[in-house]
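Please keep the structure open while you read.

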Amino acid sequence: MRPILLQGHTRSLTQIKYNREGDLLFSASKDKVVNVWYSHNGERLGTYSGHLGSVWTVDVNDDSSLLVTGSADNSCKLWEVRTGRCLKTWEFKTAVKRVQFSEDNTMVLCVTEERMGFQGSITVLPINQDINGPQSDSPIVQIVNDGPKAVVAGWSALDKYIISGHENGTICQWDWKANKKIKSINAHEDVLTDIQFSSDRTYFITSSKDKMAKIFDTETLEEKKVFSTDTPLNSASIVPKYQEFVILGGGQDAMNVTTTSARQGKFESRFYHKILQEEVGRVRGHFGPINTIAIHPDGKSYSSGGEDGYVRVHHYDPDYFKFKVEI
C-alpha cells in the first residue's frame, strides 16, 4: 500500500474532508489556505485563499457546489467549489474551530472559541443553495453552553440534534430548534479532539487526549464501544464498508516531538476492529502527530493529515478486502 503524498501545505494540517462521492479531497491547514485534490491520483485541483489566519476546519456540501471554512481570523467563509470564489464571509468575535453542513445542506454550524471575555458558542447559519443569491447575515440560533466550551460538534441524522464535544471531555446533545440541552454525559477524561459520524449518522466516534476513542449512540448517547491506545488521539473515523474497522490517529504533542524519534512518538494510523475493540494493524509514515483522518465514502481508501504538513492518501491493497479477523 504505497501512499500518495500530497505536498501542498507549508504548515501542519488541521482537517481533511472528502466530498460525498469521494473524488475530491479538501485539506485545511495553518498556512491560511485550503487545497482541493483529486483523491484518486493526488493531483492538486486548486486552492481557496482569502483567510488571514490558520484555517481550522473545512466542510463541503453534498453536491460539491459549496465549501465552508472556519479560521483563526475570526471568520467563517463560504466558497464556490468550482471557481474558488468567496461568496460570503461571516465575522465572529473569536476563532471558528469547527464547521459542518447540515444533512440537507441548508444550514452550517460554526463552533467558536471562548477567548478574551467572549463566550464560546455554536452558531447555526442559514445557507442559500443558489450560488449567486444573497446569503443571510443573521444566524438561525446561537447555542451557548453554561459549562466548558465546545471544541467540536456535528449534526445527527435528519438534523434532529446537534451533538457537541467539550474541553473537559463531556458530550452534549442539543435540541437546537428550542435552544436547549437535552443530555450531557462525561465521555472522556481530557479534551475532545474529534467527532465523526457513521454514514447514516445514527452513531458517532469521538477521540480524546485521554488516549481513548469511543463510539456512542446518537439518540441515547449510550457508550457502545471503547478503543484504548497508548498515545493521545487527535482524530478517529469509522470505516463505512468492506471492513468493520475504525481508524485512529494521534501521537505525542507537537511541542514534545523533538525529544523523541518517529517510532517513539507513535505517529501511526491505528486500525481497530469496530466490534471486537482490538487493534488489527498500523500504518506508519508521518513525521509528526496525525491531526486528522478521513475515510473515502466507498471504503476503498483513506487519508491522514499530519503536523508535518503532508496529506497521505492510502489506497488499500486487494488483501485488505479479504482480511478476516481470527477469533
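E113 is buried, because its relative accessible area is 5%, under the 20% cut-off. The model is predicted. It holds 20 salt bridges.

**E113 and its partners**

- E113 forms a salt bridge with K149, side chain to side chain, at 2.5 Å from N to O.
- This pair links distant parts of the chain, 36 residues apart. E113 lies in the loop between strand 11 and strand 12. K149 lies in the loop between strand 13 and strand 14 (150-155).
- Both E113 and K149 are buried.
- Shared partners join salt bridges into one network of K97, E113, R115, K149 and E167.
- The side chains of K97 and E113 also meet in a salt bridge, with an N to O distance of 3.7 Å.
- K97 sits in strand 10 (residues 96-101), and E113 in the loop between strand 11 (107-112) and strand 12. The two are 16 residues apart, and the pair links distant parts of the chain.
- Is K97 buried, partly exposed or exposed? K97 is partly exposed, because its relative accessible area is 25%, which lies between the 20% and 50% cut-offs.

**K88 and D137**

- K88 and D137 meet through their side chains in a salt bridge of 2.5 Å, N to O.
- K88 belongs to strand 9 (residues 86-91). D137 belongs to the loop between strand 12 (121-126) and strand 13 (141-143).
- Which side of the burial cut-off does K88 fall on? K88 counts as buried, because its relative accessibility is 15% and buried means under 20%.
- D137 counts as exposed, because its relative accessibility is 56% and exposed means over 50%.

- Four strands make up an open sheet, in the order 22-23-24-25. Their pairing is antiparallel.
- Which strands form the edges? They are strand 22 (233-238) and strand 25 (279-283), and each pairs on one side only.
- On average, neighbouring strands of this sheet are turned by 20° against each other, direction ignored.
- Strand 22 and strand 23 (residues 245-250) run antiparallel and are joined by five bridges.
- L233 stands opposite G250 in strand 23.

How values were computed
Residues numbered from 1 in each chain as written. Predicted model: local features only at pLDDT ≥ 70, side-chain atom pairs only at ≥ 80, totals over all residues. Heavy atoms only, no water. Salt bridge = Lys/Arg side-chain N within 4 Å of Asp/Glu carboxyl O. Buried < 20%, exposed > 50% of the residue type's maximum accessible area, 1.4 Å probe, protein only. Pairing = 2+ DSSP bridges. Axes fitted to C-alpha atoms, helices over the stretch in contact; angles between N-to-C directions.
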